[in-house]
Amino acid sequence: MVTKPQIETPVSRRQFLRNGARLAALTGLGALAGVMSNRARADGWVWQIDPAKCLHCGNCASNCVLEQSAVKCVHAFAVCGYCQLCTGFFAPDPNQLTTGAENQLCPTAALQRTYVEDPYYQYTIDENLCIGCARCVEGCNRFGNGSLFLQIRHDRCVHCNECAIARTCPGDAFRRVPARQPYLLKTTAR
Amino acid sequence: MRPEFELYDRREFFGVVSKTAAILGLSTGAAKTAPASDSGTANPFAYDLRRLEKTDPALVAYQEVGRWRSPRKEPKRIAVGPDDRIYLCAGNYVTVMSREGQTVLEIALPDTAYCVTAAKDGAIFAATRDHIEVFNATGQRRATWDSPGRKSWLTSLATGGNDVFAADSGNRIILRYDRSGRLMGRLGEKNAERNIPGFIVPSPYLQVEIHRDGLLRVNNPGRHEVEAYTLDGDFEGAWGKASAAIDGFCGCCNPIAIAALPDGRIVTGEKGLPRVKVYSAAGEFESVVAGVEGFPENAKACSDLNDCTRGGLDVAVDSQGRVYIVDFVTAEVRVMKRKS
């Protein structure tokens with residue numbers, strides 16, 4: 001006996017709209033739950049350095065409990081002057097304005113210099129090399145716009161209850177910030 | 001047998017106490033006089049500028065012969081007029097002074113006075129951040145010129161003949177006006193065909209001067225150079241090198257001020273390492289007018305958490321070659337004369 005193939009009836013407009021509304025409601029609920037869950041997880045406090053208070057003393061390089069400090073130099077590109085003679089990059093009295101090691105201020109060559117156009121250069125930080133010594137930060141603040149500054153990188157920080165660097169910070173620059181906004185970034189020159 | 005407790009008499013007790021005090025005192029003194037690096041607290045990553053903050057006395061060719069306080073707060077620029085009177089922009093005023101620093105006239109501007117120049121006929125051109133005002137020799141306002149543009153930040157004026165030149169740091173350009181305020185030209189815009197490098201002005205210190213050789217001199221602080229232009233804007237050459245050493249210009253942007261001596265040599269003023277130097281007309285370093293150690297407060301303006309743009313020195317020169325230095329931080333004017 002030959003059975004007549006069953007033809008699926010197309011979804012009516014009303015059903016389609018109803019299903020769509022259900023799907024949208026479920027998606028919305030899911031997103032809300034996700035956001036709430038994230039917020040609940042991140043609801044805490046982490047250590048961070050206030051760039052306005054940092055004295056560039058060098059303690060961050062040596063006082064962190066990690067072998068290589070969780071404090072790194074970061075760069076506010078919007079603030080940078082892209083100077084040819086970057087006093088964060090070059091030693092105070094360089095032989096030449098080249099990337100020769102003897103001309104560089106950074107003890108680990110973590111600050112890298114790339115030509116943009118005459119006479120501008122871009123400076124980026126290799127975080128694997130940066131030890132957070134703030135020598136470049138002092139140089140940049142001393143003569144430039146202060147676009148280089150220190151921040152605790154939270155992918156490295158082990159979140160000690162009592163931060164070993166904060167205990168010795170002479171500028172009282174360490175403070176607790178909400179974990180969902182863990183960085184204190186510079187947006188304007190000093 | 002040795003007694004378990006040895007008792008001191010009074011004389012022995014005082015002797016022991018005084019010896020102990022002397023040893024403690026000596027060790028404390030030694031600790032204080034020991035170099036910081038031995039104390040274990042010195043910063044091994046310190047940014048050390050001490051060597052550059054000392055000037056070789058053999059290079060200093062000038063001595064201070066006068067000093068007075070600016071009559072108003074926050075001086076910005078100083079100029080010397082054809083009659084050797086001093087014109088000082090400070091606060092919302094242009095103060096006209098004698099060579100001894102006595103106030104002759106004060107002219108009020110509607111906003112912060114940024115720069116001033118005086119013509120041979122006594123006309124005074126003064127600028128706020130965004131426009132120029134013209135006064136006669138007695139300080140009466142004669143004209144107010146239109147602002148050259150939204151981003152304007154006028155930082156220097158120079159006049160000669162029928163021309164008035166204005167350095168606009170905001171737009172990185174020198175504007176050429178006639179004396180009626182009509183814009184006649186724009187100089188210094190980057191132009192590869194005319195071999196004009198363009199001004200790099202990270203902080204608002206562009207300055208223009210008309211020299212006796214008939215050329216304009218303009219500082220190009222981002223390139224650490226002094227450039228020469230014809231009055232029509234043709235680029236004639238540049239000199240200067242980027243270095244914190246005494247013969248160079250340091251930091252992001254220097255020199256921030258230039259002035260011509262009567263014989264054509266050029267005096268420069270700097271910030272960061274506040275110092276005033278003399279170069280030949282061709283740009284060879286010759287001598288120091290005043291070194292960093294003479295401006296300790298100014299040198300600190302950049303090293304502490306203050307705004308570095310507050311620091312720096314402006315310079316002007318009179319017909320007898322005396323150099324007038326304005327210290328932006330201490331609000332003082334110093335008069336320097338070449339040592340005989």
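**Domains, interface and a sheet in the predicted model**

In the predicted model, chain A is divided by the domain assignment into domain 1, which covers residues 11-43, and domain 2, which covers residues 45-178. When the centres of these two domains of chain A are taken over C-alpha atoms, they are separated by 44 Å.

The contact between the two chains was examined next. On the side of chain A, 23 residues are in contact with chain B, and on the side of chain B, 25 residues are in contact with chain A. The element that gives the most to the side of chain A that touches chain B is helix H3 of chain A (residues 135-143), with five residues. Sorted by class, this side of chain A has 12 nonpolar residues, together with six polar and five charged residues.

Within chain B, an open sheet is formed by four strands, which follow the order S1-S24-S23-S22 and pair in an antiparallel manner. Strand S1 (62-69) and strand S22 (313-317) of chain B are the edge strands of this sheet, since each pairs on one side only. Neighbouring strands of the sheet are turned against each other by 25 degrees on average, with direction ignored.

Strand S23 of chain B (residues 323-327) and strand S24 of chain B (residues 332-338) run antiparallel and are joined by five bridges.

Terms used. Residues numbered from 1 in each chain as written. Chains lettered and ligands numbered in written order. Predicted model: local features only at pLDDT ≥ 70, side-chain atom pairs only at ≥ 80, totals over all residues. Contact = placed C-beta atoms within 7 Å. Helix = DSSP H or I, 4+ residues; strand = E, 2+ residues; numbered from the N terminus. Nonpolar A, V, L, I, M, F, W, Y, C, P; charged D, E, K, R; others polar. Pairing = 2+ DSSP bridges. Axes fitted to C-alpha atoms, helices over the stretch in contact; angles between N-to-C directions. Domains from an automatic or database assignment.
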